[in-house]
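User: I have a model open and want to go through it with you. Can we start with the ligand?

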Amino acid sequence: MSTQNSLNDLVKLFNLIEDYYEEGFHRRHSDVELAEQMAGPEDQFLEINNEISSCRKCGLFKERNNTVPGEGVINPLVMLIGEGPGADEDRTGKPFVGRAGKYLDSWLMAIDLDRRKNCFIGNIVKCRPPDNRDPLPEESSACLPYLQRQISFIRPKAIMTLGRIATQILTGEKSGIGALRGRIYSYQGIPLAPTYHPSAVLRNISLRASVWQDLQKLRSVLQNG
Ligand code: SF4
């Protein structure tokens, strides 16, 4: 065998080795991309729920029976956001299941929404504040990243905040809910309509007319969006 032939064979061998490693790399790379593509919003959402279930980022973990991450459909028409779970929610791990939750369902029904079909319901904090007190600022701050991730994964068409705490936190405004409601804000580029918390309306039925106006605003956002 000539020296030139030996050199040619050596070059071919190096090219083969290079191709093998390049193909191997691309194959591994594609596997990762495929896995990421297959990890849809549902998987990502389950991952957040798992993190929440073992979370100890604020003191509310100490007295909780269950975390309440929220529930509903992916890509809902509306994501409803309250301030935190109450006793019924802490017991069941589900959002808005008590009297206020049933009342909220009737609001949704009035504008052709259904929590099982086209809504997602959650809260600012995922663990119950003792005695249903307002969440402390540090508790809300610790928990807010979970909500932000939920919103970016499920991408609701509109958000409705329920009550002062959720509205102040997501709009960055300081006024009471009476002054904040009646307008459309934006959160993460999503239209946000605030209204009263259903518990507040159960205590003061005269707020019903304002809630109805807010629901009409929400409906027109959905129709025009
Ligand atoms: S309220 Fe939120 S931040 Fe605090 S322990 Fe529960 S999940 Fe974690």
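User: Which helix gives the largest share of the shell around the ligand?
Analyst: Helix α5 (residues 137-154), with 3 residues. Helices here are DSSP runs of H or I with at least four residues, strands are runs of E with at least two, and both are numbered from the N terminus. This is a predicted model, where local features need pLDDT of at least 70, side-chain atom pairs count only at pLDDT 80 or more, and totals for chains, interfaces and linings use all residues. Residues are numbered from 1 along each chain as its sequence is written.

User: How many residues surround the ligand, and which are the closest?
Analyst: There are 14, and the closest are C55, C58, F61, C127 and C143.

User: What is the shell by class?
Analyst: 9 nonpolar, 1 polar and 4 charged residues. Ala, Val, Leu, Ile, Met, Phe, Trp, Tyr, Cys and Pro count as nonpolar, Asp, Glu, Lys and Arg as charged, and the others, Gly among them, as polar.

User: Back to α5. Is E138 buried or exposed?
Analyst: E138, which is found in helix α5, is exposed because it has 11 other C-beta atoms within 10 Å. The cut-offs are 12 or fewer for exposed and 20 or more for buried, with partly exposed in between; C-beta atoms are placed from the backbone. The C-alpha atoms of E138 and C58 are separated by 7.6 Å, although the two residues are 80 apart along the chain.

User: What about confidence: what does the chain average in pLDDT?
Analyst: 87, and 82% of the residues score at least 70. pLDDT is the predictor's confidence in each residue, from 0 to 100.

User: Where does pLDDT stay under 50?
Analyst: Over residues 7-38, for which the model has 0 contacts beyond four places in sequence. Residues 1-5 also stay under 50, with 1 such contact. Two residues are in contact if their C-beta atoms, placed from the backbone, lie within 7 Å.

User: Changing topic. What is the strand order in the sheet?
Analyst: β1-β3-β2-β4-β6-β5, an open sheet of 6 strands with mixed pairing. The edge strands are β1 (71-72) and β5 (185-187), each of which pairs on one side only. Two strands pair if DSSP finds at least two bridges between them.

User: How do β4 and β6 pair?
Analyst: In the parallel sense, over 4 bridges. I159 stands opposite L192 in β6.

User: And β5 to β6: parallel or antiparallel?
Analyst: Antiparallel, joined by 3 bridges. Y187 has I190 in β6 as its bridge partner. The hairpin of β5 and β6 has 2 residues between the strands, and Q188 takes a positive phi near 50° there.

User: Why is β6 largely enclosed?
Analyst: Because 5 of its 6 residues are buried.

User: How many residues of α6 are buried?
Analyst: 7 of the 8, so α6 is largely enclosed by the rest of the structure. The buried ones are R164, I165, A166, T167, Q168, I169 and L170. Their cover includes β2, α5, β4, α7 (177-180), β5 and β6. After α6 comes G172, with a positive phi near 80°.

User: Last one: how many residues are in the largest nonpolar core?
Analyst: 38, and those with the most contacts inside it include V78, L80 and A158. Such a core is a set of buried Ala, Val, Leu, Ile, Met, Phe, Trp, Tyr and Cys residues joined through C-beta atoms within 7 Å.

Notes
Near = placed C-beta within 6 Å.
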